[in-house]
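Please find below a short note on the model. The points take up the sheet, the ligand shell and the confidence in turn.

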Amino acid sequence: MTTATDAGAPGADAGPNGPAALAAQGIVVRFGGLTALSDVSLDVPRGSIVGLVGPNGAGKSTLLGVLSGLLSPNEGTVRLLGDDVTGVSARHRAIRGVARTFQQPELFMGLSVREHLVLAYRARVAPRRMWLDMLNPAALFRTAPGETDTVDGLLERLHLTHVAKAPVAALPLGVIRLVEVARALASEPKVLLLDEPLSGLDIHGSENLVGVFREIVDRSDDGLALVIVEHDVAAVLALSDSVVVLDFGERIAVGTPEEVRSDSAVRAAYLGDVEPPTRTAAGQEGPAPGSAVDGQGAGA
Ligand SMILES: Nc1ncnc2c1ncn2[C@@H]1O[C@H](COP(=O)(O)OP(=O)(O)OP(=O)(O)O)[C@@H](O)[C@H]1O
Ligand SMILES: [Mg+2]
């Protein structure tokens with residue numbers, strides 16, 4: 001497992017395993033008079049999971065937009081495996097290895113799980129054919145070379161083999177989220193950006209998905225890295241190798257889950273946002289038991 005590093009200093013993104021999968025440096029994003037991100041840096045080593053948390057409006061989605069290429073920063077750079085991709089469009093970043101999932105699942109409800117993965121595979125290896133297949137569903141049954149092995153492998157990795165033939169509309173949300181992740185992985189990304197993948201899931205679905213995230217990173221031969229934006233802070237602290245905390249557009253903490261959990265600025269940001277402090281026996285204020293930063297709460 002790759003350890004967390006800090007992208008605060010120039011060149012800090014080149015760790016012992018070579019350049020980081022993704023590294024953002026000095027990112028500034030302004031929306032009119034509002035500074036949504038103020039000099040934010042983030043390093044995503046290969047083979048690691050980086051959690052991105054913070055109270056509402058902290059700038060998490062904005063940073064994800066900058067990493068994926070949907071948003072251009074006013075200042076700062078984004079590097080993908082050491083290459084400057086700041087000016088590269090989202091579409092070309094996707095081709096070069098940045099995949100993402102959206103908070104609202106964007107799936108074709110009538111298609112089966114396998115059909116989604118087949119389309120995603122063809123989008124990568126034969127994009128012209130994919131559009132023809134969309135117009136003529138019968139063409140979905142004509143298999144492209146290498147397709148069956150790849151799709152079967154993805155179904156197995158995401159524990160979806162038993163529902164391969166089921167239409168997505170018939171599946172519970174937890175399984176739909178697995179389909180989204182499988183579809184994103186069909187493009188063989190270097191980095192997968194996940195925007196609130198646990199939202200709407202019950203504890204069982206959430207734990208299952210967290211387990212799958214760890215598994216796909218640990219089993220990746222290619223150093224796949226994940227960036228996960230999530231309100232469920234307890235899940236992020238349990239899952240991530242490093243955690244970045246944003247508050248009002250500023251990076252207020254970065255480090256291992258243990259470091260972040262005990263960081264006073266983080267506790268202040270969350271206690272101000274989430275739970276009132278409780279009184280200890282000595283009459284001192286302390287973090288609320290089960291609050292988000294204690295790793296036991298339900299989230300921000
Ligand atoms: N397109 C936009 N135009 C103007 N302001 C925006 C835009 N997108 C985001 N903002 C503002 O930028 C700030 C950061 O928003 P962002 O959505 O990144 O926060 P967030 O951390 O993802 O919050 P949440 O947890 O509520 O999803 C907020 O004040 C938000 O209102
Ligand atoms: Mg958001």
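1. Two strands are taken to pair if DSSP finds at least two bridges between them; strands (E, at least two residues) and helices (H or I, at least four) are DSSP runs numbered from the N terminus. The model is predicted: local features need pLDDT of at least 70, side-chain atom pairs count only at pLDDT 80 or more, and totals for chains, interfaces and linings use all residues. Residues are numbered from 1 along each chain as its sequence is written, while chains are lettered from A and ligands numbered from 1 in the order in which they are written.

2. An open sheet of mixed pairing is formed by six strands, in the order β8-β9-β10-β5-β11-β12. β8 (98-101) and β12 (250-255) each have a single partner strand, so one side of each lacks a neighbour in the sheet.

3. Four bridges join β8 to β9 (residues 191-195) in the parallel sense. Within β9, leucine 193 stands opposite arginine 100.

4. Around ligand 1 (C-beta atom, placed from the backbone, within 6 Å), the residues include Phe31, Asn56, Lys60 and Thr62. β4 (34-44) and α1 (60-68) each give two or more residues to this shell, and α1 provides the largest share, three residues.

5. The chain averages a pLDDT (the predictor's confidence in each residue, from 0 to 100) of 83, and 77% of the residues score at least 70. Over residues 1-13 the pLDDT is below 50, and over residues 273-290 it stays under 50.

Definitions and conventions
Two residues are in contact if their C-beta atoms, placed from the backbone, lie within 7 Å.
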